[in-house]
Amino acid sequence: MWLNYFKIACRNLIKHKFYTSLNVIGLAIGIASFILIWLYILDELSYDRHYRKAENIYRLVNVYDFEGVGENSASSPFPVAWTLKSDYPGMVENVTRVFNRQVPRTLIEHNDKSYNERRFFFGDSTFFKIFDVPFIYGDPYTALNEINSVVISQSAACKYFGDSVPMGKTIRFEKMLDLKVTGVIRDVPGNSHFQFDMMASLSSLRKMYGGSLPKTWVWNPCWTYLLVKPGMADKLETNFPAFIQKYFYDAEKEHVSLYLQPLLDIHLKSTLDYEIEPNGNISYLYILGSIAFFLLIIAIINYFNLATATSANRAREIGIKKVFGATRVQLMVQFLTESLLMALFALFIALMLIEFTLPTFNVLAGKQIDLYRFTNAFYLLGVIGIATLTGLLAGSYPAFFLSSFNPIESFKGKIRKGARSGTARKALVVIQFVVSIILVIITLNIFRQVSFMKNADTGFSKQDILLVPISNTMISRNFEGFKNELLQNPHVKSVTAMDDILGVAHNTHEFRPEGLPDDNWQFYPALVVRYDFLKTFDIKLLAGRDYNESMKTDPEKGMLINEAMVKHLGWKSYQEALGKRFSSLQGEERVIGVFTNFNATSLHQPVGPFVLNIKETPGVIRFFLKYAAIKVDPGSRQEVVHFVEDRWDSWEKGRPFEYSWFDHELAKLYAGEEILGLLALVLTMIIIFIAALGLYGLVAFMALQRTREIGIRRVMGATEFSLIKLLSVEFIWLVIVAIAIAFPLTWLLIDYWRSYFAYAMPLQWSSFLIGGLAAFLLAMFITTVRALVASKANPVDTIKYE
Amino acid sequence: MIKSVDLTRIFLTEEVETTALRQVTFDIKQGEFVAIMGPSGCGKSTLLNIIGLLDNPTKGKYIFLDHDVTNSSERQRAKLRKQNIGFVFQNFNLIDELTVFENVEMPLIYLGIPTKERKQRVEEVLEQMQISHRKKHFPGQLSGGQQQRVAVARAVVSNPKLILADEPTGNLDSANGEEVMNLLSDLNRKGTTIIMVTHSQRDAEYSHRIIRLFDGQILVENFQSN
């Protein structure tokens, strides 16, 4: 019996090549896209799961809340980790800190090789006991026990030591320390929330900090991970308030809270300040997952439509089988066999499509997914499962529909008429239009939101500003000397420096504005800058003045605040704010200027109070000057880069020069949205293509059904235009119905999406127009093409039809 | 074998009510060869559909092999049908996607007969119908007469007690038509009951008895003497 099903299925598929290829192409593309998105989502969900103890690893989060201003910090003060371990030994099994000295790059040298390493960290000796990364050389339990030891990745080993075994050899850290390689690990998997090429023993820094690591409970630069005993996390958290009371400074106690963030939540759910790397976003997985799901549904609907539309061709077969004793269930099984066969064939093509498109997909999505995964039983079964489910789903409705045919009617050819109209089929076409319209509009809105965020008026100028990292350099020790050399070049308009990239990240610093009690310190978002900051970034002053190099007291006594700060502190006017006193770690500072609000971080966040501050003590300057920002003439960007590099080489012997453009750094803030937008765009185009395939098949079939009618009309003098009208009028109505359903749904979806941004762009009515128009034009295009084909046929031949 | 009492079949469409059969009463005994004749639209096919358990009467009573099947479900009718009735149609109704062998084999598949036995029975019946040299061909590759022989083979392969033939020679030339009628007569002589709808007086002469229908009623029953 199965052989019989299989034979009939194959012969039918071959006989109706046109419809079969429409279906197979649609299903193959649908399945391929679905599998790719499935792989993408699995990859996103797999973050950090490769650590064996992942379930019990937590990151300590510090929340500082000063009347709504402060930070949600992913990192903690130095002493917290080990104090927790010694205070709660029954709950905390182990702790480790991860520290990057808050600098973006670290100079590492070995013999004649020198590189700026972005993935260099310091960690406690316990690090590898918590994060189990496979070691190629060395012992994870002891590798970081000694000071001045470092564990490096396989790639780093290759880069610095070539083929030789690096164990026991040294690399030079920032021209200060020689670190001995005590372990080589496999590269940290891409699906880790932070990746490192080098992990040095944190104890190595003791000397730099004067004999022991910082003991302050205010400065919080250490990412702190706890391995909590199973089931103890909640209990541990209930102890945090007492812990804070016991250790944190009085001024902070009322404003600080701590909580544990599960390691497995970090990549998709964490949006804290000072993340090690940008994270993903679980909502985007929902969006992509839904689009992929609908894509497959569209392909399945094509199958529904073509199978039921062409069912007249099968009616006789069904009737005969029923007459000779086939039960309805047997017939349903037969049709399901057919759709299953088709889906498995489509899967075969889909896998080839995946092989061809995977490299492009990886670039687009920023992933490293390989086909090797399919050798894993889980993935293999998953893929076959997807195809099987698709096949069964696609066959379900046709099987139900076709098996219901009455044999007597099927012999008389009555089914033919029924196959032509069909409310169900109309509804399905409407669904396809609805999904297409919604996706077109949403994709347009995602794109516009991204471009809106990239081009939004953030309150500072973004173009033609060169950023050069200068942490720990000679330049940072004598920044003004370097600046004056750069200003010799007529294309250099202005030069300044800052401790984080404006608009991307910033720190918070403690201040006590005048009028607040002595112990009431506040943590305000701030950037430490150099002279000409406002000028370089074109930030407007509302009152007072900018820092002035000729005013000797400015660095120590002067500070700049933004308009939101004036409002936050309840001062009536910008003028009133001038001269107000703020106590700080430098002593007492006074407001010398008020500047306009700017977006200190991404446009996901609203604008709040902000401080710009210059520091004067040499050690402090060096610590805080991490980026030089150089405003250049628009036409001479490359020229200036060469000039700056030349100057750099004379200042920094042996330290590689690196630079980036400010607007590129800002664009990275929206990388997540950009990937989402690109994937959504590609998927939407695929959906429209598949829907168009199905629609073409359907229109072609309808035209075939009406061949005789069209022939008669042509004999009676019908024009091509009237034939187009004849075939398209039904679809135009369906498009109108689809628009009526799609618009309100889309409006709700976009409203939800917009709520995710502090600065969402206004709803784009034009995108609705485009979405509706796209569906309309698609329907018109397809029916027109088919009508023209029909009108070319010789009416005498077509009248004979049937 | 077959007993019908006051069979009435009314078709309802949106606007029209058509009475295809009016209180038709007749008996058919095992081993009979009955021809149903009458002009187009007189209800012949409707009657054949009811006899063949493809349709239910609107009113009246229909007893098939001692089962009252007047109001039985499609499931029950399908079961009785596949075990007891073979069909031959005017337009052959072979499945184009299946070979001659596979077409004939189909009823046996639905009867759940094992592969080996199926093969044997199909071979036998193809031999009997003198069409076994064409068993690997598809219906489209055969002449009308050959196709109808395949259709008859398919109707008899499951050894039904009853064969229903709906104008079996309607699409055939006279030589092929005669051949098919001889096949049916042979089967009847071997004990199979045959009910045939026909327009052709010549074909009807192969039967024992002719039921003449007009406007859904039995006009007359002629008993033949051959």
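## Strand β17 of chain A

A:Arg512 stands opposite A:Ser583 in β21(A). Three bridges join β17(A) to strand β21 (residues 581-584) of chain A, and the two run antiparallel. Strands here are DSSP runs of E of at least two residues, helices are runs of H or I of at least four, and both are numbered from the N terminus. Two strands pair if DSSP finds at least two bridges between them.

β17(A) is also joined by five bridges to strand β18 (residues 522-529) of chain A, again antiparallel. In that strand, A:Tyr524 is the bridge partner of A:His509. Six of the seven residues of β17 (residues 507-513) of chain A are buried, so the strand is largely enclosed by the rest of the structure. A residue is buried if 20 or more other C-beta atoms lie within 10 Å of its own, exposed if 12 or fewer, and partly exposed in between, with C-beta atoms placed from the backbone.

## Basis of the description

This is a predicted model, in which local features need pLDDT of at least 70 and side-chain atom pairs count only at pLDDT 80 or more, while totals for chains, interfaces and linings use all residues. Residues are numbered from 1 along each chain as its sequence is written, and chains are lettered from A and ligands numbered from 1 in the order in which they are written.

## Helix α3 of chain A

The buried residues of helix α3 (residues 80-87) of chain A are A:Val80, A:Ala81 and A:Leu84. They cover an arc of only 105° around the axis, which puts them on the same side of α3(A). The arc is that of the directions from the helix axis to the C-beta atoms.

Contact between two residues requires their C-beta atoms, placed from the backbone, to lie within 7 Å.

## Chain B overall

Chain B has seven helices and 10 strands. Its radius of gyration is 17 Å, close to the 17 Å that the globule rule gives for 226 residues, so chain B is as compact as a globular protein of that length. The radius is taken over C-alpha atoms, and the rule is 2.2 Å times the number of residues to the power 0.38.

Along the principal axes, the C-alpha atoms of chain B fill a box of roughly 45 × 35 × 35 Å. Of its 226 residues, 48% count as buried. Among contacts in chain B between residues at least 6 apart in sequence, 68% join residues at least 24 apart.

## Sheets of chain B

An open sheet of four strands in chain B has the order β2-β1-β4-β5, with antiparallel pairing. β2 (17-28) and β5 (67-68) of chain B stand at the edges with a single partner strand each, so one side of each is left without a neighbour in the sheet. Strand β4 (residues 59-64) of chain B is joined to β5(B) by two bridges, and B:Ile63 stands opposite B:Asp68 in β5(B).

Another open sheet of chain B has six strands in the order β6-β7-β8-β3-β9-β10, and its pairing is mixed. Its edges are β6 (85-88) and β10 (217-223) of chain B, each with a single partner strand, so one side of each has no neighbour in the sheet. Neighbouring strands of this sheet are turned by 20° against each other on average, direction ignored. Six bridges join strand β9 (residues 209-214) of chain B to β10(B), antiparallel; in β10(B), B:Phe223 is the bridge partner of B:Arg209. Helix α5 (residues 144-156) of chain B packs on the sheet, touching β6 and β7 (162-166) of chain B, and its direction makes about 170° with that of β6(B). Axes are lines fitted to C-alpha atoms, for helices over the stretch in contact, and angles run from 0 to 180 degrees between N-to-C directions.

## Helices α2 and α3 of chain B

The buried residues of α2(B) are B:Ala78, B:Arg81 and B:Lys82. Seen down the axis of α2(B), they fall within an arc of 90°, so they line one face of the helix. What covers them includes β6 and α3 of chain B.

B:Val100 lies in helix α3 of chain B and is buried, with 28 other C-beta atoms within 10 Å. Leaving aside its neighbours within four places in sequence, B:Val100 is in contact with B:Ile131, B:Arg134, B:Lys135, B:His137 and B:Val150.

## Interface between the chains

17 residues of chain B are in contact with 20 residues of chain A. On the side of chain B that touches chain A, the elements giving two or more residues are α2 (74-84) and α3 (100-110) of chain B. α3(B) gives the most, with five residues.

By class, that side of chain B has 10 nonpolar, two polar and five charged residues. Ala, Val, Leu, Ile, Met, Phe, Trp, Tyr, Cys and Pro count as nonpolar, Asp, Glu, Lys and Arg as charged, and the others, Gly among them, as polar.
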